[in-house]
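Please look through the following model with its sheet, its loops and its surface in mind. The paragraphs after it take up these topics in turn.

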Amino acid sequence: MDTLFRKRPVRYPLIILSLLAVISIVAIVMKSPIIGTIYGVVIIIVLAIAFKAEREAYEQTEKHIELLSYRLKEVGEEALLEMPLGVLLINDIQQVEWANPFMKRVMQVETLVGTDLFEISEELQALVKHDDLNETTVTIKDRQYQTLYKRNEKLLYFFDITEQVEIEELYYDDRTVIGILFIDNYDDITENMDDQHKSQTNALVTSLVNRWGNAHDIFIKRVSTDRFIAIMNESILQKLEKKKFAILDDIREETAQQSLPLTLSIGIGAGSPSLTELGELAQSSLDLVLGRGGDQVAIKQPDGKVKFYGGKTNPVEKRTRVRARVISHALRDLIQDSDQVFVMGHKMPDMDAIGASIGVRKMADMNNINGYVVIDFDNIDNSITRLMRVIKDKSDLFDKFLTPEQARERMTEKSLLVIVDTHKPSMTIDERLLELTDKVVVIDHHRRGEEFVTSPMLVYMEPYASSTAELVTELLEYQPKNDKLTMLEATSLLAGIIVDTKSFTLRTGARTFEAASYLRINGADTVLVQNLLKEDIDTYIMRSKIVETSEIYHKTIAIARGEGTKVYNSVLIAQTADILLSMQGISASFVVAHRADGRIGVSARSLGDINVQLVMEELGGGGHLTNAACQLEADTIDETMERLKVAIDHVIEGSSE
């Protein structure tokens, strides 16, 4: 090896010193032969010692290098053959050409040469076939290996990380989880009880919750009459998820036997090392559950992901006139502090969204503030078109309707934006309006979903209400009386209630009739409502053709589909689902069809036996237990049908456990 060391560079300075010594000796001898001779002898002795030392150092270093090279070679071979590190050399057709002894011991074979790589582990296919992937974890003989692939050399290294994975799993399984348990209707049930019955109810609830906690090794502490704190770890939480939180059914069924229809809501915070954050996540989850009607479990992670369980029962109406009055006064103050009020519903608005929007706009008039309804005239159905035509012909209200572009031009930082009949920004007519003001109010009757308007100033969400129009009607009753509802405004609100209740047959409570009565007193025209909601023969025929395609799934579920790539109105899809639900023996219905926005819509209806909200949430949508929908970015209806059936199976299996 022609290294710098082998060239012995130290010799060159010695040679130069020798030449200089000779010259100096000659010069001294010429002046003084005796001194020159002595000087020459000393110089020669010193140079001889220096050359000898250089030679010995070279020879010793040479021997050391040879010994070190030999040892390194031996160690390298030893490491390759004996260290607990797997090495495989493969060829172009993914067959093993050479394997070190460690891999033979792992596979428990005499030789691996000629073996197909994917017989060792099918998980290696992704590593070998994807050029952008050079590292992965595979399972071989029940052990975990971190695998590195040197693509150019076709060389694979296997590092046994089984113990590391087990330690990580232990860490994640042992992380703390905080839950808040809330008895939904405790105050309502115990309000008129005497002390003895109230004490018995407390004992029953405490016994059920503690029994559940003891059975799953959960620390439970009752902190108030209707609230418990639960402390557990991730492994326990996973077991509870597998059982779909059976405590919900236990509480509901066992209290029902005592004529105490109590239900339980649970908010859980998980996935954070901070106890403070876990507590905040648990409370946020509980708020989410209560906003969806209770009798459910929500598990929230720090990244905002939420999982829901339960929600098998219809929410019981719990809202009060006091709450409606408080919300109405708070909304009045927000309106009076604004320069303008803009009201916006969801895309392709139905009569409920438009009626509620008109009602909120009327609140602005009652408080002497300019109010406007944001609407996309290019995306409205026939009933809304007829309403707009009547409004344009019979009043000056039409001037209060703006396109999203006009609303963006007029909106200021002091403007108030009210979102009605939805709480999802992506579902609003124009999501960009939310960025133009910090003053946002949400009024909705749907169960709260994971997506929500960021930092609203006021939220009025009541899943117990029949419609958003009903909620807005109640709020109108507590607004200033200096500007009464007109006939068209009252009619629009009544039409919204009638559409969402299917003419007072579904999701109708006592408050629904009270709201309708108030609207009738203020001039709502039921004949005009019927004219607005009339449909043409072509629409009836289209709906009938969709009904004709229906298939029965799980014995009581009807699933129908639109024709090929034909585009259908979202209202027509929903109406078809309603018709299917009215058929004998059908407990739930789903209609799948192409929408005008390029997506595929699914409309779902149920009599309550199946929670169609959970089915739609599996596909990215939402709604109520009995009324829900979603829009999918899918290529074909067949693909959507398959995804829908998988979601139905998942919800039904979860409900049966």
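Is N522 buried or exposed? With a relative accessible area of 16%, N522 is buried, where buried stands for under 20% relative accessible area, exposed for over 50% and partly exposed for the range in between, with a 1.4 Å probe and protein chains only. This is a predicted model, in which local features need pLDDT of at least 70 and side-chain atom pairs count only at pLDDT 80 or more, while totals for chains, interfaces and linings use all residues. Residues are numbered from 1 along each chain as its sequence is written, and side-chain values use heavy atoms, with hydrogens and water left out.

N522 sits in the loop between α18 (510-521) and α19 (526-532); helices (H or I, at least four residues) and strands (E, at least two) are DSSP runs, numbered from the N terminus. When its neighbours within four places in sequence are left aside, N522 is in contact with K484, L485, T486, M487 and A490, contact being defined as heavy atoms within 4.5 Å.

The strands may be followed next. An open sheet of six strands, with parallel pairing, runs in the order β14-β13-β12-β15-β16-β17, and two strands are said to pair if DSSP finds at least two bridges between them. Its edge strands are β14 (401-402) and β17 (458-461), each of which pairs on one side only. The parallel strands β13 and β14 are joined by two bridges, and V374 has L402 in β14 as its bridge partner. Helix α12 (residues 321-336) packs on the sheet and touches β12 (340-344), β15, β16 and β17, its direction making about 145 degrees with that of β17; the axes are lines fitted to C-alpha atoms, for helices over the stretch in contact, and the angles run from 0 to 180 degrees between N-to-C directions. Helix α16 (residues 468-476) also packs on the sheet, where it touches β15, β16 and β17, and its direction makes about 120 degrees with that of β16.

Most residues other than glycine have a negative phi. Phi of N368, however, is near 60 degrees, a positive value, and N368 lies in the loop between α13 (351-366) and β13 (370-374). Phi of D421 is likewise positive, near 65 degrees, and D421 is found in the loop between β15 (416-420) and β16 (440-444). As for accessibility, N368 is exposed, with a relative accessible area of 63%, whereas D421, at 3%, counts as buried.
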